[in-house]
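Colleague: Could you walk me through this one before I set anything up? I'd like the overall layout and then a few local details.

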Amino acid sequence: MNAINNKEYEINLSVLTLFEQYQFGETFNLYRNEVIGLAKNKGLYTHEPMDFNLLEHELDARSKNTVKAMDTALLTYPHIVKCLLKKAISGIRKDFSVHLPDCQVYIDLSVDYSLIPSDFYYDKFFIRKLRSLNLTKVPTFLNYQLITHYKNDLPYFINFVRLAIEEHTTELLDAKKIKIYYELLSELKITEPKCDTLKRLSIKRTANDRLTALNLEQTVLMIALLQKEKFILSDEILSDSAIADLFEGLTGYSCNTIRQSLGKYPLLITNHHSKALKSFLTNLSKNVK
């Protein structure tokens with residue numbers, strides 16, 4: 001499947017907000033509050049509404065009441081909301097905190113943000129995304145989510161989706177479609193992603209062939225180190241399959257072997273591999289002046 005970074009199969013607020021607003025307008029306030037909760041939790045807000053490029057002519061420049069003028073302008077942009085952000089500083093004692101004055105912030109409900117499983121209200125947003133899709137696209141969506149965000153852990157993913165459906169059936173889902181969702185879920189299988197991000201190399205790597213400076217195990221350790229130091233995206237955003245796909249094209253090692261090794265990289269931390277990795281990094285640093 002070749003749908004990496006495709007908003008159609010990500011749970012992206014810029015796409016989902018439009019659907020909720022026009023298809024479920026009567027319950028949009030519930031969705032609005034969920035996005036506000038997520039935005040506050042993730043820091044997806046601004047203190048200045050002009051940061052959203054509100055047109056200056058929408059403001060009543062002659063008005064002495066700037067707040068009122070700003071509120072009037074915001075009516076033109078229903079996807080932007082003004083709300084209060086409560087702040088508190090934890091004290092030394094666990095039962096003590098200092099509360100600061102509430103802070104006024106602005107939130108764009110249609111911000112270009114794709115949710116990940118650890119996000120606030122993730123299960124509800126997942127079900128909202130599921131119901132927004134044409135049934136013909138549901139299998140692709142489920143496969144994409146399984147590979148991209150659940151590392152092909154099929155039992156865990158199926159359990160999550162089933163529980164999410166059960167939890168939000170009454171509130172969000174059409175009972176007629178639930179049976180279809182379960183059937184599509186039961187047909188879901190682990191599919192090895194095609195390693196086509198970069199053109200495949202027509203070579204077969206062998207141990208110690210020295211075509212690249214690091215062997216397979218050391219390459220996997222390097223990938224893990226790059227993630228830990230945030231040089232590349234974390235495994236919560238970029239799946240092991242996607243990373244392996246990329247590094248196959250760069251190193252010639254099999255993407256399937258890299259993917260499988262990434263799941264057990266702590267076992268690869270031996271004196272031999274650590275020494276080789278340190279030597280590689282030392283040589284690399286010599287080129288930086």
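Modeller: Helices here are DSSP runs of H or I with at least four residues, and strands are runs of E with at least two, numbered from the N terminus. Counted that way, the chain has eleven helices and two strands, and please keep in mind that this is a predicted model.

Colleague: In which pattern do they follow each other along the sequence?

Modeller: Read along the sequence, the pattern is α-α-α-β-β-α-α-α-α-α-α-α-α.

Colleague: And how much of the chain counts as buried?

Modeller: Of the 289 residues, 40% count as buried, while the chain exposes about 17,900 Å², of which carbon and sulfur atoms supply 54%. As for contacts with a separation of 6 or more, 69% of them are between residues 24 or more positions apart.

Colleague: Is helix α4 largely enclosed or open?

Modeller: Helix α4, residues 122-132, is largely enclosed by the rest of the structure, because nine of its eleven residues are buried. The buried residues are Tyr-122, Lys-124, Phe-125, Phe-126, Ile-127, Arg-128, Lys-129, Leu-130 and Arg-131.

Colleague: What covers those buried residues?

Modeller: The cover includes α1 (13-23), α2 (28-42), α5 (138-149), α6 (154-172) and α7 (175-186).

Colleague: You mentioned α1 and α2, so at what angle do they pack?

Modeller: The angle between α1 and α2 is about 160 degrees, and their axes are 9 Å apart. Since angles over 145 degrees count as roughly antiparallel, the two helices are therefore roughly antiparallel to each other. The crossing of α1 past α2 is left-handed.

Colleague: Which residues make that contact?

Modeller: On the α1 side they are Leu-13, Leu-16, Thr-17, Glu-20 and Gln-21, and on the α2 side Phe-28, Tyr-31, Val-35 and Leu-38. By class, the residues of this contact divide into six nonpolar, two polar and one charged.

Colleague: Switching to the other pair on my list, how do α8 and α11 cross?

Modeller: The axes of α8 and α11, the latter being residues 271-285, come within 10 Å and cross at roughly 65 degrees, and α8 passes α11 in a right-handed crossing. From α8, the residues Glu-217, Gln-218, Leu-221, Met-222 and Leu-225 meet His-272, His-273, Ala-276, Leu-277, Phe-280 and Leu-281 of α11. That contact divides into seven nonpolar residues, three polar and one charged.

Colleague: Staying with α8, is Thr-219 buried or exposed?

Modeller: Thr-219, which is placed in α8 (residues 216-228), counts as buried because its relative accessibility is 7%, and the cut-off for that label is under 20%. Leaving aside neighbours within four places in sequence, Thr-219 is in contact with Leu-214, Thr-251 and Tyr-253.

Colleague: What about Leu-268, where is that one found?

Modeller: Leu-268 is in the loop between α10 (255-262) and α11, and with a relative accessible area of 14% it is buried. Setting aside residues within four places in sequence, Leu-268 is in contact with Glu-217, Val-220, Leu-221, Ser-261 and His-273. The C-alpha atoms of Leu-268 and Glu-217 are separated by 6.4 Å, although the two residues are 51 residues apart along the chain.

Colleague: Now the strands, please. What does Leu-85 touch?

Modeller: Leu-85 lies in strand β1, residues 80-90, and touches Lys-40, Tyr-45, Asp-102, Cys-103 and Val-105, not counting residues up to four places away in sequence. With 8% relative accessibility, Leu-85 counts as buried. Its C-alpha atom and that of Val-105, 20 residues apart along the chain, are separated by 6.6 Å.

Colleague: Last topic, backbone checks. What is phi at Tyr-121?

Modeller: Tyr-121 has a positive phi of about 60 degrees although it is not a glycine. For context, most residues other than glycine have a negative phi. Tyr-121 is placed in the loop between β2 (97-108) and α4, and at 34% relative accessibility it counts as partly exposed.

Colleague: And what is phi at Lys-151?

Modeller: Lys-151, also not a glycine, has a positive phi of about 50 degrees. This residue lies in the loop between α5 and α6, and its relative accessibility of 40% makes it count as partly exposed.

Terms used. Residues are numbered from 1 along each chain as its sequence is written. This is a predicted model: local features need pLDDT of at least 70, side-chain atom pairs count only at pLDDT 80 or more; totals for chains, interfaces and linings use all residues. Side-chain values use heavy atoms; hydrogens and water are left out. Buried means under 20% relative accessible area, exposed over 50%, partly exposed in between (1.4 Å probe, protein chains only). Contact means heavy atoms within 4.5 Å. Accessible areas come from the Shrake-Rupley method with a 1.4 Å probe; for residues, only the protein chains shown count as cover. Axes are lines fitted to C-alpha atoms, for helices over the stretch in contact, and angles run from 0 to 180 degrees between N-to-C directions. Angles under 35 degrees count as roughly parallel, over 145 as roughly antiparallel, 65 to 115 as roughly perpendicular and the rest as oblique. A crossing is left-handed if the near helix is turned anticlockwise from the far one by less than a right angle, and right-handed if clockwise. Ala, Val, Leu, Ile, Met, Phe, Trp, Tyr, Cys and Pro count as nonpolar, Asp, Glu, Lys and Arg as charged, and the others, Gly among them, as polar.
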